[in-house]
Amino acid sequence: MQQDLAGRVALVTGAGAGIGRATARQLAARGAIVGVNDLKQELVDDAVAAIEAAGGKAFPVVRNVATREGIAQAVRQAAEHGSRFDILVNNAAWVRYQHVPDIMPETLDRMLDIGFKAVVWGMQAAAEAMDGERGGAIVNVASTAALKSAPGSVVYSGIKAGVLGITRAAAAELGARGIRVNAVCPSAVPTEGTQRNRNAERDARRIASTPMGRLGTVDDVAGAIAFLASDEARFITAQALVVDGGITFTTL
Ligand SMILES: NC(=O)c1ccc[n+]([C@@H]2O[C@H](COP(=O)([O-])OP(=O)(O)OC[C@H]3O[C@@H](n4cnc5c(N)ncnc54)[C@H](O)[C@@H]3O)[C@@H](O)[C@H]2O)c1
């Protein structure tokens, strides 16, 4: 694997599982020193150990990043650990699908706190921590739900569409400082977090509607995130890269 991110310091939120964990692994495989954030010590330690066992560099950042202070401290911890700060991946999420009559204030608030507000606060903290000359890269994990909706996804679709909006607006503002801001929009990917909403029949329908003929994997998404975080994407900002095997924009 190329070491094009050697020496760069990254933070991936929600990296104890799923897409975040794969992203931390891929950034580290490309040479980055990766802050692995999640809520639980054992999850984080396990992800860090796996990266180190593969020869990569990682460190634990056990914190709830759903508040402004939480994500700011996580970014600060990463910047202090590595004596610089280059890459932020806003990935952590807490998701519940609810139909309109069932949406509850607690669910809406919790999803907004981690899915939307934490992205704003994360970008604010990252912009402060990134070097004024070198710049950096922020990748926000949105979803194809930002582009195409289904029943039960009012809150989720709204939050992810909002993430695309703030990604573009932040890109407009931060480009002059060399900071690129992009998003990825994955389709359904089997992870710990999506387990509760999956079943064989729904997966079969998705696969039949996907030009590439399969579901995505965490590494499919992590590869796109790592690309956007790297210098290969040096002139790419304000984009939403759809990682979906073609399902969103085709009809089979
Ligand atoms: N898996 C999919 O099908 C899919 C599709 C589209 C978009 N996404 C998006 O990708 C991202 C990752 O999804 P996933 O399926 O890998 O999720 P996941 O639930 O498997 O993992 C998310 C991780 O984030 C952590 N987390 C949650 N709240 C946190 C907090 N406040 N502070 C720190 N860590 C916290 C969780 O503990 C968990 O380990 C999310 O933004 C999700 O919306 C996922």
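**Entry 1: strand E2.** Before counting anything, I set my term: I call a residue buried when its relative accessible area is under 20%. I also remind myself that this is a predicted model. With that cut-off I went to E2, residues 33–38, and found six of its six residues buried, so by this definition the strand is mostly covered. Next I checked which way the residues point. Ile33, Gly35 and Asn37 point one way from E2, while Val34, Val36 and Asp38 point the other way.

**Entry 2: the partners of E2.** Which strands pair with E2, and in what sense? On one count, E1 (residues 9–12) pairs with E2 in the parallel sense over four bridges. Leu11 stands opposite Gly35 of E2. I then turned to E3 (residues 57–62), which runs parallel to E2 and is joined to it by six bridges. Here I noted that Val34 has Ala58 in E3 as its bridge partner. From E2 the chain crosses through helix H2 (residues 41–53) to E3, in a right-handed β-α-β crossover. E1, H1 (residues 18–29) and E2 also make a right-handed β-α-β unit.

**Entry 3: helix H1.** I did a quick length check on H1. How many of the 12 residues of H1 are buried? I get nine, so H1 is mostly covered under the 20% cut-off. Among them are Gly18, Ile19, Gly20, Leu27 and Ala28. After H1 comes Gly31, and I wrote down its positive phi, near 105°.

**Entry 4: strand E4.** I moved on to E4 (87–90). Ile87 and Val89 point one way from E4, Leu88 and Asn90 the other way, and all are buried. E4 pairs with E1 in the parallel sense over three bridges, and Ala10 has Ile87 as its bridge partner there. E4 is also joined to E5 (residues 136–141) by four bridges, and these two strands run parallel. Ile87 turns up again here, with Ala137 as its bridge partner in E5. The chain gets from E4 to E5 through H4, and this β-α-β crossover is right-handed.

**Entry 5: Met104.** Is Met104 buried, exposed or partly exposed? Its relative accessibility is 40%, so I count Met104 as partly exposed. Met104 lies in the loop between E4 and helix H4 (105–129). I also checked Met104 against Phe249, 145 residues apart along the chain: their C-alpha atoms are separated by 32 Å.

**Entry 6: the ligand.** Which of the 29 residues around the ligand come nearest? My list reads Asp38, Asn64, Tyr156, Val189 and Thr191. H1, E2 and helix H5 (154–174) each supply at least two residues of the shell around the ligand.

- A ligand nitrogen is 2.8 Å from an N or O atom in the side chain of Asn64.
- For Tyr156, a side-chain N or O atom is 2.7 Å from a ligand oxygen.
- For Thr191, a side-chain N or O atom is 2.6 Å from a ligand oxygen.

Last, I noted the cover: on its own the ligand has 830 Å² of accessible area, and the protein covers 89% of that.

Notes:
Residues are numbered from 1 along each chain as its sequence is written. This is a predicted model: local features need pLDDT of at least 70, side-chain atom pairs count only at pLDDT 80 or more; totals for chains, interfaces and linings use all residues. Side-chain values use heavy atoms; hydrogens and water are left out. Buried means under 20% relative accessible area, exposed over 50%, partly exposed in between (1.4 Å probe, protein chains only). Two strands pair if DSSP finds at least two bridges between them. A crossover is right-handed if, with the strands pointing away from the viewer, the path from the first strand over the helix to the second runs clockwise. A residue is near a molecule or strand if one of its heavy atoms lies within 4 Å of it. A polar contact is a pair of N or O atoms within 3.5 Å; within protein, one must be able to donate a hydrogen and the other to accept it, and residues adjacent in sequence count only if both atoms are side-chain atoms. Accessible areas come from the Shrake-Rupley method with a 1.4 Å probe; for residues, only the protein chains shown count as cover.
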